[in-house]
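Hello,

Here is the structure we talked about. Please load it and read my notes alongside.

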Amino acid sequence: MRVLRLVAIGLAMALVLAAPMRAIAQEAPAPTVTGLDGEWDGTLFMGAGLNLRLAFHVATGPGGTTVTADSVDQGSYGVRLTSIARDGDHVRIEFKRAGYVIDGQLADGGQSLVTRFTQGGQTLPLTLKRLSPGAPSPWPAPAKTATALPTNWTLPSDDEIRRLLAERIDVQHQGVGIVIGVVGPSGRRVVAYGKSGREDGRPLDGDTEFEIGSITKVFTSMVLADMVRGGEVRLDDPVAKYLPGDVHMPERAGKAITLVDLATHTSGLPRLPTNMAPKDPANPYADYSMDQLYRFLSGYRLTSDPGASWAYSNLGFGLLGEALARRAGTDYQALVKARVLTPLGMASTTIALTPDEAARMAVGHDSSLRPVENWDLPSLAGAGALRSTANDLLTFLAANLGYAQPPLKGDMDMLLSVQRPTPTPRLSQALGWEVLSTPAGEIVQHGGGTGGFHTLIAFDARTRVGVVVLTNAETVMGADDIGLHFLTGSPVASLAPPAPPPPEHHAITLAPEALQAFVGRYQLAPQAFIVITRDGDHLFAQLTGQPAYEVFPESPTGFFWKIVDAQVSFQLGPDGRASALVLHQNGRDLPAPRAP
């Protein structure tokens, strides 16, 4: 969530700039675009305190106008984008390889770009500021890139793993605590470094509980496979078959959304339902109900045919978990425990924590390493509600790698029997799992992220090595690169420390009649408006193309978002009504007069 953010569980592999990235040669000279040369800086607010610092470098030469991008927090620099175009004040930047578009309007006398960043069916606001000529970049310079490892590379020792984790936490300040689990031909081991964040000082170990976010999707897919193999459902069943009769599932071109479409992110449904309006941004899914979900589905119109194209959808997997639970006549937690977790002996993987599990639960932290609340997902549980431990997840990987004879081997095999393409090169989508083709071989993986945790499980069936990465901070990278380093020998990223946390703001109370003076429509750019509405003693702000989120008063005319580092101040006219507002974000003050 951000100036006006969407809530995200987990990150699609193509997140902004997939790393490692290489420059892309254009097939023909680029067109010339005037008036945009220079460095444009901004922060993309991904949600739950997860931010990406971005820089776009626009340069015009004999070959036309080109644009390259830096994603500081992903350690990716100088990536050649596909195209940039301008029509008056309208600017559009496209990067086809990662599947994203930046589309918006010039503002602030041509020194700011107020845009919408769209990727994988998710749209986020992004405001870019043009760097003054000769001024230093606000972002840190690229860190030294690690060298590739030798071809005779072997799994690191526990001491080497601990050294990598200490570097990530103590030097790069990109984590609070990390637990790594490795399973392979020589057995399984767990290495932990850092802090759990608990007041009782309980150390991290293989039994520490973490929110695993979107790794839950793999277990939802395991339930699907088990029910398919048991003859209870079919992959090509329309999902509508398992929903209440008064729910009208969207269709397109006569095609219904099927269970396999949901399990491969090809349903055509968006990343999240647009009628989410969390009362508590720190726990954004907690109050989203099944009634809201069903109302959204009944009114949604698909923009692509089911099964036709990939777009990451938490909504889709949450719906899949609900449909399967309804078919089985139970709730999601009971279903996944009965069909998957209990047969595999994963006793510490759950949604609702027992007192013992709660005592082992790590404290989550945001990307600025501040403690945050745990997340609850009552209506979208199949997308990301599970908590687990390194030991339990190693048990799951060991079963996938054949180190045990699990009762669910047929279900595990079925997950990889269906694969559909994604926009990310060398990445295909199986049932739940993602399959990444690397020079070292095929890696089966899935990551997860909630408001305070960043996680990864992955394995290489050829080498029979699997890795679990659990961190209690939702930083952009987490320790995913360290996990993939074990499997592929790929270099470990050298990351810049995160940006300092924004200053704290404290809400005051204003009377409803005082809030009414701010209600209206304010023009930020030719095609961008901020609409202010009131619901009782609550004020909401909505940027064009985004959901409405509450803003909180800190003075009689000043408000702030809790979900992002941004503020808005109102200017009052002679009649006591606001005549204009100013949006304060990314070091810029963007005026917006009241529109008719």
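The H446 side chain comes to 3.5 Å from the backbone oxygen of S214. That side chain also reaches the backbone oxygen of G432, again at 3.5 Å. This is a predicted model, so take both as computed values.

H446 sits in strand β19, residues 441-449. Its relative accessibility is 1%, so H446 counts as buried, the cut-off being under 20%. Beyond four places in sequence, H446 touches S214, I215, K217, V218, Y312, G432, W433, E434, T455, L456 and I457.

Now the sheet around β19. Eight strands make an open sheet, ordered β11-β10-β21-β20-β19-β18-β17-β16, with antiparallel pairing. The edges are β11 (187-194) and β16 (420-421). Each has a single partner strand, so one side of each has no neighbour in the sheet.

Further along, β10 (residues 177-184) pairs with β21 (residues 465-471) over six bridges, in the antiparallel sense. I178 has T471 in β21 as its bridge partner. Helix α9 (residues 390-400) lies across β10, β11, β20 (454-460) and β21. The angle between α9 and β21 is about 155°.

On confidence: the protein chain has a mean pLDDT of 88, and 91% of its residues reach 70 or more. Two stretches need care. Over residues 1-28, pLDDT stays under 50, although the model has 130 contacts for them beyond four places in sequence. Residues 144-149 also stay under 50, with seven such contacts. Where pLDDT is low, the predicted coordinates should not be read in detail.

Best wishes

Key. Residues are numbered from 1 along each chain as its sequence is written. This is a predicted model: local features need pLDDT of at least 70, side-chain atom pairs count only at pLDDT 80 or more; totals for chains, interfaces and linings use all residues. Side-chain values use heavy atoms; hydrogens and water are left out. pLDDT is the predictor's confidence in each residue, from 0 to 100. Contact means heavy atoms within 4.5 Å. Helices (H or I, at least four residues) and strands (E, at least two) are DSSP runs, numbered from the N terminus. Buried means under 20% relative accessible area, exposed over 50%, partly exposed in between (1.4 Å probe, protein chains only). A polar contact is a pair of N or O atoms within 3.5 Å; within protein, one must be able to donate a hydrogen and the other to accept it, and residues adjacent in sequence count only if both atoms are side-chain atoms. Two strands pair if DSSP finds at least two bridges between them. Axes are lines fitted to C-alpha atoms, for helices over the stretch in contact, and angles run from 0 to 180 degrees between N-to-C directions.
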